Protein chains: 2
Amino acid sequence: MVSTIFFTPGPAALYPTVQNHVNEAFVNNIGSISHRGKAFQNIYEETDKQLRKLLGIPSDFKILFTGSATEIWERIIQSTVTKKSAHFVNGSFSSKFYDFSKELGFEAQKFEVPFGEGFYVDNYEIDQDAELICVTHNETSAGVVTPVAEINKLRAQYPNALIAVDAVSSVPNPEFDFSKIDSVFFSVQKGMGLPAGLGVWVVNERVISKAKDKLNQGGIIGTYHSVLSLVKNAEKFETPSTPNVLAIYLLGKVVADMNEKTVETIRKETNEKITLLYEFAAKSSILEPFVKDPYHQSPTVFVATVKGVEPSELISKLKENGLTIGSGYGNFKSSQIRIANFPATSVENIKLLISTLEKFYA
Amino acid sequence: MVSTIFFTPGPAALYPTVQNHVNEAFVNNIGSISHRGKAFQNIYEETDKQLRKLLGIPSDFKILFTGSATEIWERIIQSTVTKKSAHFVNGSFSSKFYDFSKELGFEAQKFEVPFGEGFYVDNYEIDQDAELICVTHNETSAGVVTPVAEINKLRAQYPNALIAVDAVSSVPNPEFDFSKIDSVFFSVQKGMGLPAGLGVWVVNERVISKAKDKLNQGGIIGTYHSVLSLVKNAEKFETPSTPNVLAIYLLGKVVADMNEKTVETIRKETNEKITLLYEFAAKSSILEPFVKDPYHQSPTVFVATVKGVEPSELISKLKENGLTIGSGYGNFKSSQIRIANFPATSVENIKLLISTLEKFYA
């Protein structure tokens, strides 16, 4: 296979240190160690510690592991909702989060804006009996961000509801205020630069307490991956069933590398890279940013409408030159492209992508 | 870390070719490719093809992927049961499968024998309204097998019920008669010799049809990982959400290696190795097979009560000599040991383990 640099929004480019950590994992028998032994507990504890440092997760939040972030959409609804959830929907992923609530038999309030637009949360009135408010921080499909400042407005207005933030394609870039949210979750194949197969679920005591209430009222909260079962096992740095041990190990190692670089540097570079992309688009004749409102332009997934050339042709041309970018999502496949701006992608790689685009489409 | 040979029942020894396949996976960008592209579809299709060959899975069965076999306990109950399931319980894992049905709000009929004993299914009367009969082919905790001949008796007696077989710690050894069962499932960190993080779920049309009926009657079958959602995506060799792509790739590669060796050779060696272990136990002063009835002695997980020495001491002694065996499960930790007999473990390794035991405990 031709060597290529990935700019796809997930699965995405691997963080540069991943392969070395995998080799080390084989030396350390990570594929064979028991998930009920001290060696695994140490791995969980280390990954937990590194994640807290990188993302500023307070000690009163638990860090849990699932098979994917998609699973967490289901688990958080199943574990905490008895009647109604509320959803900000502005793309394919936030829409699926909403669908899950209905499929699980609950009422789901939906606030929807067209693909490519974002939210000013004050414009919406959430029902006071909504138990869980679901916000997708970064819509991977449309490249729209719901800024942390918007998310932070919810708590004061809806003090009784749990606030859950899907940060799948934005972590570790956003600086969340954990006093204003109850749960944040993500998968590892995007910003973390790891192979897919692990979801990370951060929850506070309010989530746990709500699940206990639901269970005590005779509600069904699921089985091994209910938040209560996950938390009970996490108390001793274990998981309810055999997890993706290798992924938890690799996550700890990669996050340690990120911490060494410092999250501040990563965020600074993220800003630098996305600025380069928007500056290029501003003067380019072929790319037009899809998201018009700068407040809602994602810093981590750049989405553009392609003009004067077929997106598939542009994608092929770049691929021949060792650069793999993402297609538009769903119905936008024939008109858009997507470029991920995750920590694994260096400033140099973004510059190379831009100069290659300039060369072919000057 | 000291180099060691794993004889643990899961996570277990890696199949000898795994590390090479992982290296190749990095060359082929398996960690970054899209799960919505042709490259991934080819991987799924190849793994599907190799599994069908190895296990003799007929074309009218679908092969689906989840995060773990534990997840499949939940998904099959959630997808197919509206009122009642029935469970043969003879250890910790079959007991959890039973618990899941109750936790999901269903009636669950339980047939239970003490730890270390097995089932003659004719001795039990399953309620005719049980919709799902759950059999654990091999109880990893106790080393007890429910022979395929027993499982095959169920269909004629209970033609309306779905028959689901947990084959977590026995695949690829048993030769299932797929005309007599509706579903079989397993995880990859045991007999398949891979790192944990993937469940494999094989289902026939009867399972799919029952899920459709449940949904049509207003039942809740879950969301992205309901059997219907998984099957719909599997039709085009895709998954509902980003799966553990690397694990699906590695599974296809390792099963191809097993197919090259042939499943007949693997089963012959499995028999040869377990015979060596039982012959050793018969003459040993320290090991007494836990399962007394030869009909129920597991060919893939050997469990023995340890006499004249503390199991923890025996385990440590072996570990110092580069051999890692499993402890007894749960309450049996202080009296038993477990030795896995999976394809990754060679005849030579079993002979080395036995000769080491003979040296220290003659």
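**Exercise 1. The two domains of chain A**

Task: Find how many residues of domain 1 of chain A are in contact with how many residues of domain 2 of chain A, and describe the side of domain 1 that touches domain 2.

Solution.
- Step 1. 28 residues of domain 1 of chain A are in contact with 24 residues of domain 2 of chain A. Two residues are in contact if their C-beta atoms, placed from the backbone, lie within 7 Å.
- Step 2. On the side of domain 1 of chain A that touches domain 2 of chain A, helix 10 (263–283) and strand 12 (301–306) each supply at least two residues. Helices (H or I, at least four residues) and strands (E, at least two) are DSSP runs, numbered from the N terminus.
- Step 3. Helix 10 of chain A gives the most to this side of domain 1, with 4 residues.
- Step 4. The residues of this side of domain 1 of chain A divide into 17 nonpolar, 8 polar and 3 charged. Ala, Val, Leu, Ile, Met, Phe, Trp, Tyr, Cys and Pro count as nonpolar, Asp, Glu, Lys and Arg as charged, and the others, Gly among them, as polar.
- Step 5. Domain 1 of chain A covers 5–13 + 262–360, and domain 2 covers 18–260; such bounds come from an automatic or database domain assignment. The C-alpha centres of the two domains lie 26 Å apart.

Before going on: this is a predicted model, in which local features need pLDDT of at least 70 and side-chain atom pairs count only at pLDDT 80 or more, while totals for chains, interfaces and linings use all residues. Residues are numbered from 1 along each chain as its sequence is written, and chains are lettered from A and ligands numbered from 1 in the order in which they are written.

**Exercise 2. A helix pair in chain B**

Task: Describe how helix 1 of chain B and helix 9 of chain B pack.

Solution.
- Step 1. Two packed helices are described by the angle between their axes and the distance between the axes.
- Step 2. Helix 1 (residues 18–27) and helix 9 (residues 245–261) of chain B pack at about 130°, and their axes are 10 Å apart. Axes are lines fitted to C-alpha atoms, for helices over the stretch in contact, and angles run from 0 to 180 degrees between N-to-C directions.
- Step 3. Helix 1 of chain B and helix 9 of chain B are therefore oblique to each other. Angles under 35 degrees count as roughly parallel, over 145 as roughly antiparallel, 65 to 115 as roughly perpendicular and the rest as oblique.
- Step 4. From helix 1 of chain B, V18(B), H21(B), V22(B) and A25(B) meet L246(B), Y249(B), L250(B), K253(B) and V254(B) of helix 9 of chain B. By class, this contact has 7 nonpolar, 1 polar and 1 charged residues.

**Exercise 3. Two sheets in chain B**

Task: Give the strand order of the open sheet of 5 strands and of the open sheet of 7 strands in chain B.

Solution.
- Step 1. The 5 strands stand in the order 1-13-14-12-11, with mixed pairing. Two strands pair if DSSP finds at least two bridges between them.
- Step 2. Strand 1 (5–7) and strand 11 (287–289) of chain B are the edge strands, and each pairs on one side only. The twist averages 40° from one strand to the next.
- Step 3. Strand 11 and strand 12 (residues 301–306) of chain B run antiparallel and are joined by 3 bridges; P289(B) stands opposite A304(B).
- Step 4. Helix 10 (residues 263–283) of chain B lies across strand 11, strand 12 and strand 14 (336–340), at about 120° to strand 11.
- Step 5. The sheet of 7 strands has the order 2-10-9-8-5-3-4, again with mixed pairing. Its edge strands are strand 2 (61–66) and strand 4 (107–112) of chain B.
- Step 6. Strand 9 (residues 183–187) and strand 10 (residues 199–204) of chain B pair in the antiparallel sense over 5 bridges. S187(B) has G199(B) as its bridge partner.

**Exercise 4. Backbone exceptions in chain A**

Task: Locate the cis peptide bond from G10(A) to P11(A) and the positive phi of N29(A).

Solution.
- Step 1. Most residues other than glycine have a negative phi, and most peptide bonds are trans.
- Step 2. The bond from G10(A) to P11(A) is cis, with omega near -15°. P11(A) lies in the loop between strand 1 (5–7) and helix 1 of chain A.
- Step 3. N29(A) is not a glycine, yet has a positive phi of about 55°. N29(A) is in the loop between helix 1 and helix 2 (38–55) of chain A.
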